[in-house]
Amino acid sequence: MSKFSLITGLLCAAIIASAQAFICSNNANVPSALLRSSSLHMTVLTANGKKVDVKEGTPMKAACAKLGVKPKYSCKKGDCGSCTVSVGGSRIKACVGKVPPMPRLKSLQEKGLVVK
């Protein structure tokens, strides 16, 4: 009986210690992808002096509408390229493209990506 109670006591102590270590780990065991998904990453877009915060990954068509930029749409599938807009120097087809992530440079974060 005493061997059984000793083993049970040690097992309970190990379980409690591991539970406290898990609780006090402060997100050390959580993958970074899960931590990123909980926060909203916004990209600042500018056009004609107007600034708009748009969630990254939003369709470019909706972001252009918020900015007041009206690209021409012909095929609405991205084949013809008539809806192409320049966002921060890179060309994106507005009908099928997504808003890019926020740039890492502080100056571009404050000014925003220029949409032409």
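**Ground rules.** The model is predicted, so I took local features only at pLDDT of at least 70 and side-chain atom pairs only at pLDDT 80 or more, while totals for chains, interfaces and linings use all residues. Residues are numbered from 1 along each chain as its sequence is written, and side-chain values use heavy atoms, with hydrogens and water left out.

**Cysteines.** I looked for disulfides, meaning pairs of cysteine sulfur atoms within 2.5 Å. I found zero in the structure. I then checked C64: its sulfur has its closest cysteine sulfur in C83, 8.8 Å away, which is too far for a bond. C83 is in no disulfide either, and its nearest cysteine sulfur, that of C95, is 3.3 Å away. For accessibility I used relative accessible area with a 1.4 Å probe and protein chains only: buried is under 20%, exposed is over 50%, and partly exposed is in between. C64 is buried at 0%, and C83 is buried at 3%.

I next went to strand 3, residues 84-87. Strands here are DSSP runs of E with at least two residues, numbered from the N terminus. V85 and V87 make up the covered face of strand 3, and T84 and S86 the uncovered one. I looked up its partner, counting two strands as paired if DSSP finds at least two bridges between them. Strand 3 pairs with strand 4, residues 90-93, in the antiparallel sense over four bridges. Within this pairing, V87 has S90 of strand 4 as its bridge partner. Two residues sit between the strands of the hairpin, and G88 has a positive phi near 60°.

**Salt bridge.** Side chains of opposite charge can pair when their charged atoms come close. I counted a side-chain nitrogen of Lys or Arg within 4 Å of a carboxyl oxygen of Asp or Glu. Searching the whole structure gave me one salt bridge. It joins the side chains of K77 and D79, at 3.9 Å from N to O. I noted D79 as exposed, with a relative accessible area of 59%. K77 is exposed as well, at 58%.

**T46.** Last, I looked up T46, which is in strand 1, residues 42-47. T46 is buried, at 10% relative accessibility. I listed its contacts, taken as heavy atoms within 4.5 Å. Apart from neighbours within four places in sequence, T46 touches K51 and L67, and also K111, G112, L113, V114 and V115.
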